[in-house]
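User: I am new to this structure and would like a close look at one part of it, the salt bridges. Please take them one by one and then turn to what lies around them.

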Amino acid sequence: MKDTSKDGAQSADRTVGQGADRTVGQGASIPGRGSAAPLGVAVVGAGYWGPNLVRNFQSSPQFRLRWLCDLDIGRARQALGRYSTVQPTADYAAVLADPSVQAVAVATPAGTHLDVALAALKAGKHVLVEKPLAATYEDGMRLVAEAEKRGLTLMCDHTYCYTPAVRRIREMVRSGELGEIHFVDSVRINLGLVQKDVDVLWDLAPHDLSVLDFILPDHVQPVAVATTGADPIGAGQSCVAYLTLQLSTGAIAHVHVNWLSPTKVRTTMVGGSKRTLVWDDLNPTQRVSVFDRGVELSAPQEIGADERRDMLVSYRSGDMVAPAIGEKEALRSMVEEFADAVRTGRPALTDGRAGLKVLDILEAASRSLEFRGAVVGLRTGR
């Protein structure tokens, strides 16, 4: 969910000053922890994604939206509407100095995430950050370390992970309903929007990579990535890319992202030893399909001597089931998860370390592109 507004959201760089760098000692109480009262929250960035956060925080009984901060205060006012009681401002330091603000949601360009989020953490605020967590893995590590040092919640807004379909897929994968995972294949292609500051990998792949991390069992981790890409229109960065991830179990996950496709496709296939699942995000009547079909290999000791000359492969062709998937806005579920993580102190389902895993893969994929598809190991896979 990319914030395409680059100018107004740059308020973070210019307004994070000495007033915003209020440190909270380790002995101080953690805001919102164990409280049932609505959590005061501020949204930073009134561009593309910020207004969506504003709408969901305003409609949630768990939060009370206090501020919308953007360098373009006129745009902030427009996003809030004429009759809103939320305060628009271009002064980020004033937001962080407000004791009624217990949490900050960052919806600014990735290059500003370190400064904006780090200032909020140092001011003792819980932080929700739009994807990606930061512009680099090193910056992301600084945010994670700061949040952990202060006992604050740091959450990454990996929105697709909170769709009803993906949450159901996570349940099926982690319960063993699909069996041992053999492969994952994701396709996210459409026509445009070609970005000026990032390639197609950094623009589109974070969605698929965050979903992959969300659904895989804890014992299955990506360990290396090989990436190829192309820039056939001379845009200055890859417009088409293919990532192949090696998983710790020997399985692979493949991601295809493309800005040049005349058709829009959003599908993910998860193949297991028992069943195979297909998620079609563009099909509201049947988002998830589960197929009891696959390939099985018989061990030599299980067949007679006369049959060993024959193929050991057999094919299973069973039913297809389309489980009922409820409809609920992903952002609403994400906001609820943020509130629960703040109140209980438990890590959010898409916490800062989940954001780090995505950054790790993106940086390794970029290095692989530079070396024409060479396999690059991951930090989180070691």
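**Salt bridges and their surroundings**

Asp 340 and Arg 346 are joined through their side chains by a salt bridge, with an N to O distance of 2.7 Å. The model is a predicted one. Asp 340 counts as partly exposed, at 33% relative accessibility, and Arg 346 is also partly exposed, with a relative accessible area of 29%.

Other pairs involve buried residues. Asp 70 forms a salt bridge with Arg 75, and their closest N and O atoms are 3.4 Å apart. Asp 70 is buried, because its relative accessible area is 0% and the cut-off for buried is under 20%. The side chains of Arg 287 and Asp 281 also meet in a salt bridge, at 3.8 Å from N to O. Arg 287 has a relative accessible area of 18% and is buried; Asp 281 is buried too, with a value of 18%. In the whole structure, a search finds 15 salt bridges.

A nonpolar patch on the surface is formed by Phe 183, Ile 252 and Met 269, which together have about 220 Å² of accessible area. Phe 183 belongs to strand β7, residues 181-191, and is partly exposed at 31% relative accessible area.

Technical notes. Residues numbered from 1 in each chain as written. Predicted model: local features only at pLDDT ≥ 70, side-chain atom pairs only at ≥ 80, totals over all residues. Heavy atoms only, no water. Patch = residues over 30% accessible without salt bridge, like charges linked within 9 Å, V, L, I, M, F, W, Y side chains within 5 Å. Areas by Shrake-Rupley, 256 points an atom, 1.4 Å probe, with all protein chains shown as cover. Salt bridge = Lys/Arg side-chain N within 4 Å of Asp/Glu carboxyl O. Helix = DSSP H or I, 4+ residues; strand = E, 2+ residues; numbered from the N terminus. Buried < 20%, exposed > 50% of the residue type's maximum accessible area, 1.4 Å probe, protein only.
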